[in-house]
Amino acid sequence: MAECGNDSDAESRISYGDYVVLKRGDVFKSVQVENKKKVIFEKQWFFLDNAVGQLYGTKFEIEAGGSLKLKAAKHTGDSLGKWCCGFMSLSADSFIFLLMRWYCVSPVTDSKEAGQDNRHIVDDGRSQKLTRDDIETLKEQGLKGQEIVQQLIDNSTTFKDKTEFAQEKYIKKKKKKYESDITILKPSTRLLAMMYHGREPGKICHLRYDSMAQILTLGNIHAGSKIIVFETCAGLVLGSVMERMGGFGSVIQMYPGGGPTRAGMESFGFPSHFHEMLHEFPLCKVNALLAGTLDLSEKDADSEANSSRNGQSESSQETSGVSEEKSSEPQSMEVSVDPQEEMRRAERERLRGQKAQEKKVKMEEKRKKLASAAALLEGRNADGLVIASRFHPCPVLMGLLKFIAPSRPFVVYCQYREPLIECYTKLREQGGAISLRLTDSWLRHYQVLPNRTHPVLLMSGGGGYLLSGTTVAADAAKARNQHKSEEPVAKRLKLDEISSA
Amino acid sequence: MSFVEYSEIIQEGDVVIIFLGHESMMPIKVQSGAQTQTRYGVIRHSSDLIGQRFGSKVTCSKGGWVYVLHPTPELWTVNLPHRTQILYTTDIANITLMLELKPGSVVCESGTGSGSLSHSILRTIAPTGHLHTVEFHAQRAEKAMQEFKEHKVSHLVTVRNQDVCKDGFGITAIADAVFLDIPSPWEAITHAKSAMKRKGGRLCSFSPCIEQVQRTCEALLDHGFEEICTLEVLLRVHDVRTVSLPLPDFGPEEGSAGSSQMASDVGQEEVPNTGNTSVICRTATPPREMAGHTGYLTFATKPLD
């Protein structure tokens, strides 16, 4: 049974408003596609308009004036064609690999020359005959990156004497500098986690993507569950959790301060129904919720401060409602008395009224949201907990674990090990969790090339630490149970058994 | 209970994980009237398990207790009956992330082996995705199918008993991701490519030896795959413990007490220890021995057709 796919094309095409990931070499950038918006990426600027309507995964080159042009279709099987069109989108390493294969099979380069070693290569700084100005001129002439690289090779006196491998390395370096193909990709946890780790590790507490992978797996994040997330990783962890849940179930984001941070989550460009599963709850109200003193009426501290601030606008809103009706009539009829001034005033009034209305609606929404999140938490039956923040994880974990059902996993990420040691110790004392593991992972990349396979020179020193475990039913009397765990109280248990039998 | 959906109460037919303490666990299938022997004594399914909440403490006959846990792919991985070498959670986590798996993904896998990765994939792609898994060993394929049924995930998976290198995955142009854990993955790249969607997808191959990786990369390149990337992830589990470091005795000092001063500077608890002082500190030490290598993970992207 050979099943064939005909998945709808619509969502695999780039459209205005989409969040996309730009890729050049190993560098990523997340942007939103907007009409005539100038995007700066890797020292180049361009507009994304020409990408609209194209499929995700399409490669573009940048033309003069910043417009994107489709990269010519690739001819697989034809190695020269591959060389011309395919390689620029490959990672640098695979590019050399390809280049080398091309060298081996291409009929046009059987005059290939290469040295055996570097005993005769002298660094006199004059091997490149092209000057910087020459190169600039070439660029201004609108020469393609590929052609510039060829010029550089042709004008290098030492290139022919370099070993085959050194030649590849040289070309690879020049490619990186002069060639600039851009691939537009659909965002994913993989791309965004790699992007954040590469560009702004500080914003995500140096959470490396392999640690992110562990979080999602150890947390058993999947569709249909109810997950509590507390993160200060720009919303990246939140987004990853939401991606794994695919819009099924609910996520409650606990946030510190005035509101949740979600830039990273927005970059995923989730469809709107994903947002319906997302709830938020301020950390500062956790104690009240646990104590059962959470006030869900509008008069809670937060909105009270708000309402006093816009009490003025609220009262003006009522009058503006009236004036709006009034002003709309004169606007059309009394054209004689300074219509422009009248219109402007009416417009102002209308806007003010609108704003106040919006604010009121927003506050009401906020209250509703708080109530719905509180309702979700109150059941104390969440299916998982993910913590990844710059705060000390210990109080966060102890506080939020109370909302988790028994036999559910939890994962705490911390950039440092010591706070997690404290969490571990505290959990051991307090009980309610088993299978505690404090881990970190090492990530090593490999260069895989014929005769030159080895680990990549530079590796990340640390991707943070994780404490994971599973919740179990809390004991009514902890002290007694701790006792029990140390000495077998066989007699009492036997009695229990008899009574139950 | 299902491997793709949590439930609160243990029911007849469920697979539960009995946690015996200190990394010691066992999976059991709950059947009314049945009994399970543990080192703490007998667990009677009807009275001790059925109707109980997952995560609760169960007292056994010999005066010990265990916890009954809801199964997860991660717990299953450390408890499943081995029919082959299996993939462990650290690699699985990275495979899942780098293959961009999520609810709705259509995934190809070969071989099925003991189903360690399969359970993880199923958990992640449910409720709308599908796994097409190929196992050339008839008995293993049969056993896997039976397990998927018991674990209530069989609606999400198709097991095919065929040779992936010769016959492929049995599907065309519908996969978002392909995973290969076979001795000669380079022979399956053509099939992997044709199984994948026209708009592209991700591929991962797991191989213990670098020569296998080399050949796989070459084949991937030949077939137009991009973003080829080989990596290795190692997990370090730290042992949290309290250690006591004795303070050396420099003999009496002129002026105030020197050594105790220093100890409190360090900010640790100081306790008198048979005449001498020592500092107690909590630390996490890496294990004396750890898994140094499982396999190389090679990832690649199949571009747009």
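Biologist: Which residues is Phe268(A) in contact with, leaving aside its neighbours within four places in sequence?
Modeller: In this predicted model, Phe268(A) is in contact with Pro187(A), Ser188(A), Thr189(A), Leu192(A), Leu236(A), Gly239(A), Ser240(A) and Glu243(A).

Biologist: And where does Phe268(A) lie?
Modeller: Phe268(A) is in the loop between helix 9 (263-266) and helix 10 (272-275) of chain A.

Biologist: What separates the C-alpha atoms of Phe268(A) and Val20(A)?
Modeller: They are separated by 8.0 Å, with the two residues 248 apart along the chain.

Biologist: OK, zooming out. How many helices and strands does chain A come to?
Modeller: Chain A has 18 helices and 16 strands. Of its 501 residues, 45% count as buried. Take the contacts in chain A between residues at least 6 apart in sequence: 69% of those join residues at least 24 apart.

Biologist: What about the accessible surface of chain A?
Modeller: That comes to about 25,800 Å², and 51% of it belongs to carbon and sulfur atoms. There's a nonpolar patch on the surface too, formed by Val456(A), Leu457(A) and Leu458(A), with about 370 Å² of accessible area together.

Biologist: Where is Leu457(A) placed?
Modeller: Leu457(A) sits in the loop between strand 15 (454-455) and strand 16 (465-471) of chain A. Leu457(A) counts as exposed because its relative accessibility is 81%.

Biologist: Which members of the largest nonpolar core touch the most other members?
Modeller: Those are Val237(A), Val241(A), Met242(A) and Val251(A). Domain 1 (9-71) and domain 2 (75-234 + 292-302) of chain B both give residues to this core, so the core lies between them.

Biologist: Pick Val251(A). What is Val251(A) in contact with?
Modeller: Leaving aside neighbours within four places in sequence, Val251(A) is in contact with Ile227(A), Val229(A), Leu238(A), Val241(A), Met242(A), Met245(A), Met277(A), Leu278(A) and His279(A). There's also a second, separate core of 39 residues, and its members include Phe230(A), Leu397(A), Cys423(A) and Tyr424(A).

Biologist: Back to those chain B domains. How many Å apart do their C-alpha centres lie?
Modeller: The C-alpha centres of domain 1 and domain 2 of chain B lie 33 Å apart. As for contacts, ten residues of domain 1 of chain B are in contact with seven residues of domain 2 of chain B.

Biologist: Switching to charges. How many salt bridges are there over all chains?
Modeller: The count comes to 29 salt bridges over all chains. One of them has Arg236(B) and Asp440(A), with the closest N and O atoms 3.3 Å apart. Arg236(B) lies in strand 13 (residues 226-246) of chain B and Asp440(A) in strand 14 (residues 433-447) of chain A, so this pair joins two chains.

Biologist: Are Arg236(B) and Asp440(A) buried or exposed?
Modeller: Both Arg236(B) and Asp440(A) are buried. Asp210(A) and Arg208(A) also meet in a salt bridge, at 2.8 Å from N to O, and both of those residues are buried as well.

Biologist: And Asp124(A) with Arg126(A), what's the N to O distance?
Modeller: Their side chains meet in a salt bridge at 3.7 Å, N to O. Asp124(A) counts as partly exposed at 42% relative accessibility, while Arg126(A) counts as exposed at 58%.

Biologist: Which residues are linked in a network of salt bridges?
Modeller: Arg190(A), Glu100(B) and Glu227(B) are linked that way.

Note on methods. Residues are numbered from 1 along each chain as its sequence is written. Chains are lettered from A and ligands numbered from 1 in the order in which they are written. This is a predicted model: local features need pLDDT of at least 70, side-chain atom pairs count only at pLDDT 80 or more; totals for chains, interfaces and linings use all residues. Side-chain values use heavy atoms; hydrogens and water are left out. A nonpolar core is a set of buried Ala, Val, Leu, Ile, Met, Phe, Trp, Tyr and Cys residues joined through side-chain atoms within 4.5 Å. Buried means under 20% relative accessible area, exposed over 50%, partly exposed in between (1.4 Å probe, protein chains only). Domain bounds come from an automatic or database domain assignment. Contact means heavy atoms within 4.5 Å. Helices (H or I, at least four residues) and strands (E, at least two) are DSSP runs, numbered from the N terminus. Accessible areas come from the Shrake-Rupley method with a 1.4 Å probe; for residues, only the protein chains shown count as cover. Patches are made of residues with over 30% relative accessible area and no salt bridge: like charges are joined within 9 Å, nonpolar side chains (Val, Leu, Ile, Met, Phe, Trp, Tyr) within 5 Å. A salt bridge is a side-chain nitrogen of Lys or Arg within 4 Å of a carboxyl oxygen of Asp or Glu.
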